[in-house]
Amino acid sequence: MKAATFEHVRKRLFVGLLSAGLIGTVLLLAAIWYFAANPSRSMLHQILLLALGTMLVGGIVVAGFGIGGIILTILYARDISALKGPIRVAVNLFFPLALALGRFFHIDKDRIKHSFIEVNNFLVKSKALRLSPGQILLLAPHCLQRSDCPYKITVEIDNCHRCGGCTVNDLLELRDKYGINMGMATGGTLARKFVRDYRPRGIVAIACERDLTSGIQDSNPIPVLGVTNERPNGPCFNTRVEVPQVEEAICFLIKDKERLAG
Ligand code: SF4
């Protein structure tokens, strides 16, 4: 399968699960409506059901516009600013619903999360971001550091002696080449601290599917481009990342700025 087609399939999984959730909700609403219209129910019962139905209709309208917005953004590869709000709701609020549906259909959790990251990256790339290097934060996980490296780099990343023994060296070269900020986090708390300290307008985050999905949601509304790490030695141990992919994400965030300057 060609890479582009594969990426499309990965995006389709998340959008498909969201759409299935929407259809399920519509069916639920129809059932509520049926019971509400049943003349054997008391007035209070009917009012409660009507209120619930109204809330559901609101949710369905927002989700419908959100999913429609995601599909249109993917089809036309451009940001649809009028649908920004519903898209954000659909992507972040209905993500747990997509996961639950995936469980029901026995779809691997990491596949759904990967699909979510693809959709998120696509939505971020559809925006015309004009960031200066100082507004960009590169967030990397601590497990990229070689396990037998004696230097403590989570507090001070420049403690790395740049021996070339792990990807940290390459990431620091990218940081220096583009003049961006970089933080190496041992977990969500430290990652959030870096975000608070650097106040970035755009983030390139490297992590596993689980940490990336929660990081993307936590950082909302700051746009995050996610790059998944490789785990040839199992989770959280001597992991790696495709450095060209990280560089491509950094260049995306700053390229419009460069074009403007040129
Ligand atoms: S590049 Fe070398 S010094 Fe730096 S973190 Fe990796 S192993 Fe340690």
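Q: Which residues does Leu139 touch, not counting residues up to four places away in sequence?
A: Contact here means that the C-beta atoms of two residues, placed from the backbone, lie within 7 Å. On that basis, Leu139 touches Gly183, Ala185, Ala191, Phe194, Ile203, Ala205 and Ile206, leaving out residues up to four places away in sequence. Before you go on, keep in mind that this is a predicted model: local features need pLDDT of at least 70, side-chain atom pairs count only at pLDDT 80 or more, and totals for chains, interfaces and linings use all residues. Numbering starts from 1 along each chain as its sequence is written.

Q: And how many residues does the largest nonpolar core have?
A: Start with burial: a residue is buried if 20 or more other C-beta atoms lie within 10 Å of its own, exposed if 12 or fewer, and partly exposed in between, with C-beta atoms placed from the backbone. A nonpolar core is then a set of buried Ala, Val, Leu, Ile, Met, Phe, Trp, Tyr and Cys residues joined through C-beta atoms within 7 Å. The largest one here has 50 residues, and Leu138, Leu139, Val204 and Ile250 have the most contacts inside it. Helix H5 (residues 109–125) gives the most to this core, with six residues. Helices (H or I, at least four residues) and strands (E, at least two) are DSSP runs, numbered from the N terminus. Both domain 1 (3–125) and domain 2 (133–261) give residues to the core, so it lies between them.

Q: Where do those domain bounds come from, and how many residues does the contact take from each domain?
A: The bounds come from an automatic or database domain assignment. Here the centres of domain 1 and domain 2, taken over C-alpha atoms, are separated by 31 Å. The contact takes twelve residues from domain 1 and 14 residues from domain 2. On the domain 1 side, helix H3 (84–93) and H5 are the elements that give two or more residues, and H5 gives the most, with nine residues.

Q: How do I read a helix span, say for H2?
A: The expected span is 1.5 Å times one less than the number of residues. Helix H2 (residues 43–76) has 34 residues and reaches 48 Å from its first C-alpha to its last, close to the 50 Å expected. Its buried residues are Ala63, Gly66, Ile67, Gly69, Ile70 and Thr73.

Q: Which residues come nearest to the ligand?
A: A residue is near a molecule if its C-beta atom, placed from the backbone, lies within 6 Å of it. Of the 14 residues around the ligand, Cys149, Cys160, Cys163, Gly165 and Cys166 come nearest.
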